[in-house]
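Reader: I have a model open on my screen and would like to talk it through with you. Could we take it piece by piece?

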Amino acid sequence: MEQLPKNQRLFPAESMKDWNYKAQAKRLFSLQILYLCLVTDVAFVVLNILYEFHPGITDTALKITQDRGYAEVFQYIKEFWIAGTLALIFFRTRSLLFLGWSALFFYLLLDDSLRIHENWSKAPYFPSLFGLGSNASGELLISLGIGLFFLLWIAAAYRKTRDASSKAVSKSLTWMLFLLGFVGIFIDALHILVQVPLLDPILTVIEDGGEMIVMSLILSFVLLLPQQIRRICKPSI
């Protein structure tokens, strides 16, 4: 490929040693973020357990199920970082694949903070399914419907893209999204069906704590992507 003038290059020329050093630093940063997020997630789970079993602790914001509680707000921040990073990659690549992923996580942020599917499920026309009440069935149907919409969008963009690296990223995000859906939808439905007081705190930790941990994994993975996309976009010189 013909070498571009320095002032027209997308990225400045770098030696392989400098590039490897920056890549390693980026991976280290991503791992540090993951460790910090996981430690914080575990701390919120411990605080939730203390709230449930210690009568002297009365701050409901310590519950991991509390809307706009401490754990929920931390989850909002992670979702915002994920969606924002994917949006940045879209602006760099103009790939509809990354636009779809960014829109999906922005929706998850809005859904968690504004309780979209919980509020919509209060409509009276949802049937009772699988032994669930109409509200719980509505939440399940709305979550599955919106999830299907985004997956169809992402699948269509996946078929059109020719970049193998972008497809590999999308596959990894899809697996993590299914894991998030498992703890957020399947375990939630199981929690509603299994009305055993002894199992209630356990299922709560598995469901909400699992969502927090999976979101931390997604965040650490996504934070590595700008460096990889930069390498993909970098012209050979």
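This is a predicted model: local features need pLDDT of at least 70, side-chain atom pairs count only at pLDDT 80 or more; totals for chains, interfaces and linings use all residues.

Reader: Leaving aside its neighbours within four places in sequence, which residues is G210 in contact with?

Author: Setting those neighbours aside, G210 is in contact with V183 and V205, where contact means heavy atoms within 4.5 Å. Residues are numbered from 1 along each chain as its sequence is written, and side-chain values use heavy atoms, with hydrogens and water left out.

Reader: Where is the place of G210, then, and is G210 buried or exposed?

Author: G210 lies in helix α7, which covers residues 200-223; helices here are DSSP runs of H or I with at least four residues, strands are E runs of at least two, and both are numbered from the N terminus. With a relative accessible area of 15%, G210 is buried, given that buried means under 20% relative accessible area, exposed over 50%, and partly exposed in between, with a 1.4 Å probe and protein chains only.

Reader: How far apart are the C-alpha atoms of G210 and L179?

Author: They are separated by 9.1 Å, although G210 and L179 are 31 residues apart along the chain.

Reader: Now α2 and α7: at what angle do they pack?

Author: The angle is about 30°, and the axes of α2 and α7 are 9 Å apart. The axes are lines fitted to C-alpha atoms, for helices over the stretch in contact, with angles running from 0 to 180 degrees between N-to-C directions. That makes α2 roughly parallel to α7, since angles under 35 degrees count as roughly parallel, over 145 as roughly antiparallel, 65 to 115 as roughly perpendicular, and the rest as oblique.

Reader: Which residues make that contact between α2 and α7?

Author: From α2, the residues include Q75, W81 and I82, and from α7 they include E211, M212 and M215. By class, the contact of α2 with α7 has ten nonpolar, three polar and three charged residues; Ala, Val, Leu, Ile, Met, Phe, Trp, Tyr, Cys and Pro count as nonpolar, Asp, Glu, Lys and Arg as charged, and the others, Gly among them, as polar.

Reader: Is Q75 itself buried or exposed?

Author: Q75, which sits in helix α2, is buried, with a relative accessible area of 6%. Apart from neighbours within four places in sequence, Q75 is in contact with D112, E211, M212 and M215.

Reader: And how do α2 and α3 cross?

Author: The axes of α2 (residues 70-93) and α3 (residues 96-114) come within 8 Å and cross at roughly 160°, and α2 and α3 are therefore roughly antiparallel to each other. The residues of that contact divide into 15 nonpolar, five polar and three charged.
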